[in-house]
Amino acid sequence: MANFRTGKRRRVLLVAAAAATAMGAATLPAAADDRPTVADVMADCASGADVSTCKFTNPEIQKAYLGNYHQVSDTLYNCTTSPATQGLTWSDKVGTTDSAEVSITAGGKIAGLIDLSVTAKYGHSWTTEHSDGGSMGMTVKPGEVGWISRAQVMQQVKGKWDLWYKHTHWGHYNWYWYDTVTSPAPNDTDGVKSAVVMKTRPMTADEKASCGAQNGKVFLSKTKVEVPKQDKAPNPPGKPTPGTNDTPPAQEGNSEKR
């Protein structure tokens with residue numbers, strides 16, 4: 001009987017130990033990725049928090065191209081039985097994005113670093129944002145909708161970001177990554193010109209049905225009807241990579257930050 005009890009107690013202890021081990025394994029955190037994302041390092045570069053230097057280096061400007069057309073006016077509906085002519089105002093603002101499709105704000109630090117690098121190499125500034133506008137008279141046939149569309153001259157610059165922290169972040173002082181920045185370019189860059197056009201198409205069945213609420217008149221709607229095409233696919237962003245010469249900046253100690 002004593003042997004039976006001892007054996008039973010031993011089995012209970014073994015089961016309990018196995019359960020405790022399993023529970024401990026389940027509560028252990030998964031191995032964390034020890035590398036930052038592009039968003040992480042870009043945010044630090046922009047804020048300057050614990051950053052020694054951040055530079056956009058080796059800029060290479062690519063050939064200009066015409067971006068995709070996109071609607072820049074209200075939509076004109078002609079619910080009458082006669083052609084309708086009306087003036088439409090339009091406005092357009094085109095900004096800058098990087099290869100991760102993150103917006104780069106005009107006048108911000110990131111935009112300034114890109115401009116500084118491009119100006120040093122090419123002798124001219126880098127455009128971050130372009131705004132334009134005007135008015136045009138257009139004629140829309142009965143049962144059609146019309147709008148104004150615009151395409152902006154665009155240009156890309158490829159380069160390498162080089163970021164040095166004052167203290168180690170993700171185990172390193174230095175991180176670098178490759179980027180492609182897409183921005184509006186001045187008109188007639190590389191012979192490419194921006195374009196403004198008037199577009200029309202027949203109303204859909206739903207749009208014709210809405211004419212009843214407008215008493216068969218001509219009316220404007222702020223709802224855009226043009227679905228813009230995807231612009232040139234950006235190059236995938238380069239993943240942040242730790243530098244090989246990972247020594248601390250002058251007068252700084254080696255203190256783990258992240």
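**Strands and helices**

Trp175 has Pro242, in β14, as its bridge partner. This belongs to the pairing of β11 with strand β14 (residues 241-242), which runs in the antiparallel sense over two bridges, two strands being counted as paired if DSSP finds at least two bridges between them. Strands (E, at least two residues) and helices (H or I, at least four) are DSSP runs, numbered from the N terminus. The model is a predicted one, in which local features need pLDDT of at least 70 and side-chain atom pairs count only at pLDDT 80 or more, while totals for chains, interfaces and linings use all residues. Residues are numbered from 1 along each chain as its sequence is written, and side-chain values use heavy atoms, with hydrogens and water left out.

Strand β11 (residues 172-184) is mostly covered, with ten of its 13 residues buried, that is, under 20% relative accessible area with a 1.4 Å probe and protein chains only. Strand β10 (residues 153-169) also pairs with β11, in the antiparallel sense and over twelve bridges, and here Trp164 has Asn174 of β11 as its bridge partner. The hairpin of β10 and β11 has two residues between the strands, and in this hairpin Trp170 takes a positive phi near 55°.

Turning to the helices, α2 (residues 38-47) and α3 (residues 109-122) pack at an angle of about 85°, with their axes 8 Å apart, the axes being lines fitted to C-alpha atoms over the stretch in contact and the angles running from 0 to 180 degrees between N-to-C directions. That makes α2 roughly perpendicular to α3, a term that covers angles of 65 to 115 degrees. Met42, Cys45 and Ala46 in α2 meet Lys109, Ile110 and Leu113 in α3, where contact means heavy atoms within 4.5 Å.

Conventions:
Angles under 35 degrees count as roughly parallel, over 145 as roughly antiparallel, 65 to 115 as roughly perpendicular and the rest as oblique. Buried means under 20% relative accessible area, exposed over 50%, partly exposed in between (1.4 Å probe, protein chains only).
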